Amino acid sequence: MTRKVTGGSSGIGKCIAIECYKQGAFITLVARNEDRLLQAKKEIEKHSINDKQVVLCISVDVSQDYSQVENVIKQAQEKLGPVDMLVNCAGMSLSGKFEDLEVSTFERLMSVNYLGSVYPSRAVITTMKERRVGRIVFLSSQAGQVGLYGFTAYSSSKFAIRGLAEALQMEVKPYNVYVTVAYPPDTDTPGFAEENKTKPLETRLISETTSICTPEQVAKQIVKDAIQGNFNSSIGSDGYMLSSLTCGMAPVTSITEGLQQVATMGLFRVLSLLYLGSFDTIIRRCMTERAKYEITDKTA
Ligand SMILES: NC(=O)C1=CN([C@@H]2O[C@H](COP(=O)(O)OP(=O)(O)OC[C@H]3O[C@@H](n4cnc5c(N)ncnc54)[C@H](OP(=O)(O)O)[C@@H]3O)[C@@H](O)[C@H]2O)C=CC1
Ligand SMILES: CCCCCCCCCCCCCCCC(=O)[C@@H](N)CO
């Protein structure tokens, strides 16, 4: 059992690697910074269940050069055997008002979050199809189910993931390869701490609608859904509501799932209008408060 986790040196990715290691898997971690990779490797190795298990580290930028990504993945497959599960967890978030975000930020988020998921998946898919075995996991976000204030660059890169996942799932299902898209809420990770340094107040207040999860909780849910072959992976009651409401033409894994969507759609739409109303109120309030401060600043 070989699993590959991009972004496996930190946060959700590291917890997913630990979860898989606890199940006896061989792990390949992919990220850029070598020190953090080694640190994570040590931490993951504490959870081994037999002495044959290995954690392999690969330092590569998943978003830059496809042939480089393909090469390192080939090398890893030669050492540890073909990958049964790929988890695309490398990603990042930057927020700010549309006009305040650098144009390069849109390019960067699209290349790390979107292309950074395309490249590793593209590199493993042929072998998975040939072997008729495989799971590919993509990390979207609740902000990939609803576009939110401050997330013009981030939300779009996470919506893109969903399109990719839906199309790919339709292609690979006959080969017994299953795709999972995860939509976590805010999760307490180093990446989240980084994001908070520059997050607009509006974005923070809107995001606080859903509670913060631990990376361990999120990782457990994702690994479970991926193993079961569920297309959708969400967490908590708001996660459930959002996924149900925004199911669109996403595939279902069971008839029950489909029936639940049909039955709850109307009600969840009503709830979502209430949420949207409260988001508008937050945004208007922040605007008035800012205007007040500006006046005080000028008179001082
Ligand atoms: N935390 C949250 O609130 C939520 C996070 N998500 C998503 O989950 C994923 C993981 O998030 P989180 O655990 O918070 O992130 P962290 O910032 O804690 O970890 C990110 C990981 O990705 C690696 N990485 C980043 N960029 C690249 C790159 N270009 N090439 C290779 N590796 C890269 C990092 O290592 P290095 O920098 O060394 O390359 C690190 O291992 C992201 O896609 C994020 O958008 C979704 C919803 C909520
Ligand atoms: C019936 C409808 C229910 C509606 C509930 C709506 C709640 C929306 C809240 C969205 C929170 C967005 C979190 C983004 C996390 C993320 O991706 C970043 N933290 C990454 O770093």
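An open sheet of seven strands runs in the order β3-β2-β1-β4-β5-β6-β7, with parallel pairing. This is a predicted model: local features need pLDDT of at least 70, side-chain atom pairs count only at pLDDT 80 or more, and totals for chains, interfaces and linings use all residues. Residues are numbered from 1 along each chain as its sequence is written, while chains are lettered from A and ligands numbered from 1 in the order in which they are written.

**The sheet**
- Strands (E, at least two residues) and helices (H or I, at least four) are DSSP runs, numbered from the N terminus.
- Two strands pair if DSSP finds at least two bridges between them.
- The edge strands, β3 (55-59) and β7 (232-233), each pair on one side only.
- β4 (residues 85-88) and β5 (residues 134-139) pair in the parallel sense over four bridges.
- Methionine 85 stands opposite arginine 135 in β5.

**Helix α4**
- α4 has 29 residues, and at 1.5 Å a residue it should span 42 Å. The expected span is 1.5 Å times one less than the number of residues.
- Its end C-alpha atoms are 42 Å apart, which agrees.
- α4 bends by about 35 degrees at isoleucine 125. The bend is the angle between axes fitted to the seven residues ending there and the seven starting there.
- Arginine 132 follows α4, and its phi is positive, near 60 degrees.

**Around ligand 1**
- The shell holds 31 residues; the closest are Gly7, Gly11, Arg32, Gly91 and Gly191. A residue counts if its C-beta atom, placed from the backbone, lies within 6 Å of the molecule.
- α1 (11-22), α4 (103-131) and α6 (190-196) each supply at least two shell residues.

**Around ligand 2**
- Here 22 residues surround the ligand; the closest are Ser93, Ser141, Ala143, Met241 and Leu271.
- α6, α9 (236-245) and α10 (255-299) each supply at least two residues of this shell.
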